[in-house]
Amino acid sequence: MAINKTILVTGCSSGIGLCCAQELKQHGYRVFASARKAKDVEQLQAQGFETVQLDLSDSQSITQAVEQVLDKTGGQLYALFNNAAYGQPGAVEDLSREVLREQFETNVFGTQELTNLIIPVMRQQGYGRIIYNGSVLGIIALPFRGAYNASKYALEGLTDTLRLELYGSGIEVSIIEPGPVTSQFRKNAFLKYQQNIDKEKSFFKTSYEGMEARLKKPGPAAPFTLPPEAVFKKLQHALESKHPQPHYYVTFPTYLFGTLKRILPARGLDWVLRRVSKGENKC
Ligand SMILES: NC(=O)c1ccc[n+]([C@@H]2O[C@H](COP(=O)([O-])OP(=O)(O)OC[C@H]3O[C@@H](n4cnc5c(N)ncnc54)[C@H](OP(=O)(O)O)[C@@H]3O)[C@@H](O)[C@H]2O)c1
């Protein structure tokens with residue numbers, strides 16, 4: 001069966017989303033590149049993309065974006081790449097209910113609301129690919145990433161469940177789990193830290209000063225950082241293979257921690273993760 005290679009990608013203003021949208025276009029896909037800010041939508045249009053404005057924290061924006069895409073495709077869509085997300089830094093004890101909610105509104109609730117609008121379309125056509133951008137931080141935790149960790153763990157739960165529920169429907173669900181990748185991620189995380197964390201009132205004031213240095217550091221901040229093209233390779237497999245994998249690891253840290261998670265007892269893994277993160281937030 002000839003498949004129309006249409007794909008909706010979220011979060012194409014920068015980083016992995018932008019790179020994957022560009023690569024997909026070069027590989028012959030009809031890409032609907034979405035971004036939440038009008039100026040980014042304009043820039044994507046200038047690059048020759050079909051675009052929609054889509055803010056995952058806003059249900060109306062999600063519904064309108066889906067309507068616009070389906071209008072243009074005659075109600076069909078081969079694939080959805082749930083890429084957009086941000087990281088809210090901060091110790092768990094410093095996260096207000098509101099800040100946690102905000103993290104989940106974008107990374108989890110909005111992502112799933114969008115997906116749930118697309119699933120009936122794919123069920124109707126009898127095929128489709130849904131690919132989430134998870135993280136190594138959906139497999140293991142690190143200090144001061146609790147909100148983000150929780151959101152990416154939540155995506156693991158949703159994708160594992162969806163695979164069971166969509167079995168036999170012709171719709172395949174995969175999650176890509178990158179470790180460190182070059183993008184605007186730390187810059188955006190730093191903004192969220194500034195907006196939402198009160199360093200002066202925190203038990204972790206000194207650690208935060210170290211964390212600020214890491215978030216502001218130009219260039220790769222972690223060893224084994226890869227360019228976003230590394231994610232595209234896995235995305236392409238998830239889209240084009242007859243047998244897409246449920247999980248795609250990207251970067252050495254994901255392979256390492258994915259293995260350690262399987263073989264070590266919880267306290268053994270904690271010991272490793274404490275050591276890994278020990279120097280991370282020092283000034
Ligand atoms: N970079 C890494 O090391 C790494 C590692 C593992 C997983 N990931 C995952 O990779 C994905 C892409 O991140 P990235 O590294 O490419 O970072 P990025 O450059 O910061 O890109 C994130 C994208 O998500 C968008 N976004 C944020 N909030 C949104 C909202 N409410 N609605 C719609 N879009 C929103 C951003 O738009 P704005 O420009 O408008 O903020 C941006 O386009 C994320 O799911 C991230 O968790 C990244």
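These questions and answers cover strand pairing, the nonpolar core and the ligand shell of a predicted model. Residues are numbered from 1 along each chain as its sequence is written. Local features need pLDDT of at least 70, side-chain atom pairs count only at pLDDT 80 or more, and totals for chains, interfaces and linings use all residues.

Student: Which residue in S2 is the bridge partner of Ile-7?
Tutor: Helices (H or I, at least four residues) and strands (E, at least two) are DSSP runs, numbered from the N terminus. Strands S1 (residues 6-9) and S2 (residues 30-35) pair in the parallel sense over four bridges, where pairing requires that DSSP finds at least two bridges. In S2, the partner of Ile-7 is Val-31.

Student: Which residues touch the most other members of the largest nonpolar core?
Tutor: Such a core is a set of buried Ala, Val, Leu, Ile, Met, Phe, Trp, Tyr and Cys residues joined through C-beta atoms within 7 Å. Buried means 20 or more other C-beta atoms within 10 Å of a residue's own, with C-beta atoms placed from the backbone. Of its 52 residues, those touching the most other members are Ile-7, Val-9, Cys-20, Ala-21, Val-31 and Leu-235.

Student: Which element gives the largest share of the shell around the ligand?
Tutor: Of the 28 residues around the ligand, Gly-11, Gly-15, Ala-85, Ser-183 and Gln-184 come nearest. Helices H1 (15-26) and H6 (185-196) are the elements that give two or more residues to this shell. The largest share, three residues, comes from H1.

Technical notes:
Near = placed C-beta within 6 Å. Buried ≥ 20, exposed ≤ 12 C-beta atoms within 10 Å, placed from the backbone.
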